[in-house]
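Please walk through this model with attention to one of its pockets and to one of its metal sites. The explanation below takes them in that order.

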Amino acid sequence: MYHYIEYGPTDGPRDDQEKYDRFMERIEAGEKIEADDWMPEEYRVALIKLISMHGISEIMGALPEKEWTPKAPTMKRKLGIMAKVQDEMGHGQLLLRVAEDLMKPYGKTRKDLMEDLLSGDLKFHNVFHMPTKTWADAGMVGWLVDGAAIISQTNMLDASYGPYQRALQRICQEEVFHAQHGEAIIMALAEGTEHQRAILQESLNRWWPSLLMFFGPASADTTGSSKQDIMIKYKIRKSNNEELRQAFLDKYLPRVFSLGLTVPDETVHYDEKEERWVYQQPDWDEFKRIIKNKGPRSKERLRLREVAYENNRWVRQALSKEAIGS
Ligand SMILES: [Fe+2]
Ligand SMILES: [Fe+2]
């Protein structure tokens with residue numbers, strides 16, 4: 001893993017202070033920062049971490065979905081999943097290009113990101129370490145995992161970094177299709193036989209902790225809170241983890257209940273006075289283990305990625321500058 005020079009406005013070189021102040025004025029004024037603009041190291045590093053994790057998660061997320069293409073019950077559903085998998089890989093490509101531009105001053109490329117992923121230095125999203133055991137899981141991923149992604153990504157639709165903000169415009173539009181595709185699967189199961197309703201409920205029970213973990217821990221005593229503050233300070237995102245989780249619960253819990261489904265937490269309720277959903281915290285130690293590649297499917301998914309990366313070496317070679325120039 002390569003190391004960035006980490007310095008902020010207070011401990012940074014003195015002659016950068018003026019540049020920093022001008023940069024913050026631009027951020028405050030809602031201007032977009034472009035790849036070649038001056039930016040503080042703290043901003044660049046936060047973006048690299050965010051965008052590389054987002055990009056690689058898109059690709060790792062396509063793996064559990066891909067498993068369901070041959071097993072999907074009808075041709076229509078197979079086509080739906082195939083289109084979604086292609087979209088997700090496209091999102092990954094788009095985002096890793098954005099990350100690559102940001103890494104230029106460090107002389108790093110997408111290849112380094114892929115190697116960081118395989119060596120365990122670059123983390124991918126907790127939900128994609130989990131198994132998709134039944135057809136209901138394929139629906140659940142589209143409905144609630146993509147649903148959660150839409151909430152977190154629309155929160156950054158006005159992000160201060162122009163290349164990321166523009167990529168998100170397109171990604172979010174496609175994510176809406178994914179969520180609708182998932183919702184269609186869920187609706188069909190919810191209106192189906194007793195067995196179909198049972199696998200749907202079983203799937204939701206299993207996915208519930210992962211969905212709560214999706215937005216990351218809220219409090220300062222767990223990892224993540226200083227990262228949240230940095231991203232809010234630089235207007236990369238607007239809301240903190242808990243606000244995003246509440247928005248997710250606000251949107252989806254009424255839908256879950258209206259389908260006659262339940263969540264595996266008897267304490268879940270809306271507190272009218274505090275205007276927030278009350279719920280039992282998931283196991284945040286387990287979350288940390290999962291994102292350190294110790295989840296139920298971490299090893300298999302990384303292995304699959306490694307094999308795909310090796311098998312596709314010839315495509316990268318065929319597209320390389322050397323090959324095109326020769
Ligand atoms: Fe995506
Ligand atoms: Fe998606």
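**A pocket and an iron site**

The lining of the second largest pocket comprises nine nonpolar, five polar and twelve charged residues, where Ala, Val, Leu, Ile, Met, Phe, Trp, Tyr, Cys and Pro count as nonpolar, Asp, Glu, Lys and Arg as charged, and the others, Gly among them, as polar. This is a predicted model, in which local features need pLDDT of at least 70, side-chain atom pairs count only at pLDDT 80 or more, and totals for chains, interfaces and linings use all residues. Residues are numbered from 1 along each chain as its sequence is written, while ligands are numbered from 1 in the order in which they are written.

Of the 26 lining residues, Arg97, Arg110, Lys111, Tyr309 and Arg316 are the closest to the centre of the second largest pocket.

The iron ion (ligand 1) is coordinated, at 1.9 to 2.2 Å, by Glu58 (OE), Glu88 (OE), His91 (ND1) and Glu175 (OE), donors being N, O and S atoms within 2.8 Å of the metal (3.2 Å for Na, K and Ca), with water not among the atoms, so that sites may look incomplete. Along the sequence, the donor residues of this iron ion (ligand 1) follow the spacing E-x29-E-x2-H-x83-E. Glu88 also forms a bridge between the iron ion (ligand 1) and the iron ion (ligand 2), which are 3.4 Å apart. Both His91 and Glu175 are buried, that is, under 20% relative accessible area (1.4 Å probe, protein chains only).

Notes: Heavy atoms only, no water. Buried < 20%, exposed > 50% of the residue type's maximum accessible area, 1.4 Å probe, protein only. 1 Å grid on protein atoms, 1.4 Å probe; cavity = no way out; pocket = protein on both sides within 12 Å on 5 of 7 lines; lining within 4 Å.
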